[in-house]
Amino acid sequence: MPAGRRLRMACPLTTGASGGPWLEEFDPATGCGYIDGVTTNTDLANTTLWSPPFDDGVWVLYRFADRLQGHGVQPETWRAGVTEPT
């Protein structure tokens, strides 16, 4: 296993589950909750799913991307080192 903090959940899903959201404080009545991670891998026996927990860096990235789209910048034109729009 790679170093670093990861969340895990007992689950029989296979590698096709990759990218699925991990919800926190999900309210079935409203269908709302917080995405706290995404499935990155499973063990070979398909008994456990793993996810890195989201931290403040994920929120910063989301807000940055959201503001870029508001300025007409399309995702395919993003480059490393682009400064945040004003």
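Strands E4 and E5 (residues 48-51) pair in the antiparallel sense over two bridges; two strands count as paired if DSSP finds at least two bridges between them. The model is predicted: local features need pLDDT of at least 70 and side-chain atom pairs count only at pLDDT 80 or more, while totals for chains, interfaces and linings use all residues. Residues are numbered from 1 along each chain as its sequence is written, and side-chain values use heavy atoms, with hydrogens and water left out.

**The chain as a whole**
- The chain contains one helix and five strands, and its elements run β-β-β-β-β-α from the N terminus on.
- Helices (H or I, at least four residues) and strands (E, at least two) are DSSP runs, numbered from the N terminus.
- Buried residues make up 19% of the 86 residues; buried means under 20% relative accessible area, exposed means over 50%, and partly exposed lies in between (1.4 Å probe, protein chains only).

**The sheet**
- Strands of a sheet pair through backbone hydrogen bonds, either parallel or antiparallel.
- Here three strands form an open sheet in the order E1-E5-E4, with antiparallel pairing.
- Strand E1 (7-10) and strand E4 (41-42) stand at the edges with a single partner strand each, so one side of each is left without a neighbour in the sheet.
- Four bridges join E1 to E5, and arginine 8 has tryptophan 50 in E5 as its bridge partner.

**Aromatic rings**
- The charged end of arginine 6 sits over the ring of tryptophan 50, 4.3 Å from the ring centre; this description requires NZ of Lys or CZ of Arg within 6 Å of the ring centre and within 35 degrees of the ring normal.
- The structure holds one aromatic pair.
- The rings of tryptophan 59 and tyrosine 62 have centres 5.5 Å apart and planes at 20 degrees, so this pair is stacked.
- Rings of Phe, Tyr and Trp (its six-membered ring) pair if their centres lie within 6.5 Å; planes under 30 degrees apart count as stacked, over 60 as edge-to-face and the rest as tilted.
- Tryptophan 59 and tyrosine 62 are three residues apart in helix H1 (residues 56-70), and are therefore separated by about one helical turn.
- Tryptophan 59 is exposed, with a relative accessible area of 52%, whereas tyrosine 62 is partly exposed at 48%.

- Phenylalanine 54 lies in the loop between E5 and H1 and is partly exposed, with a relative accessible area of 28%.
- Phenylalanine 54 and valine 38 are 16 residues apart in sequence, and their C-alpha atoms are 8.5 Å apart in space.
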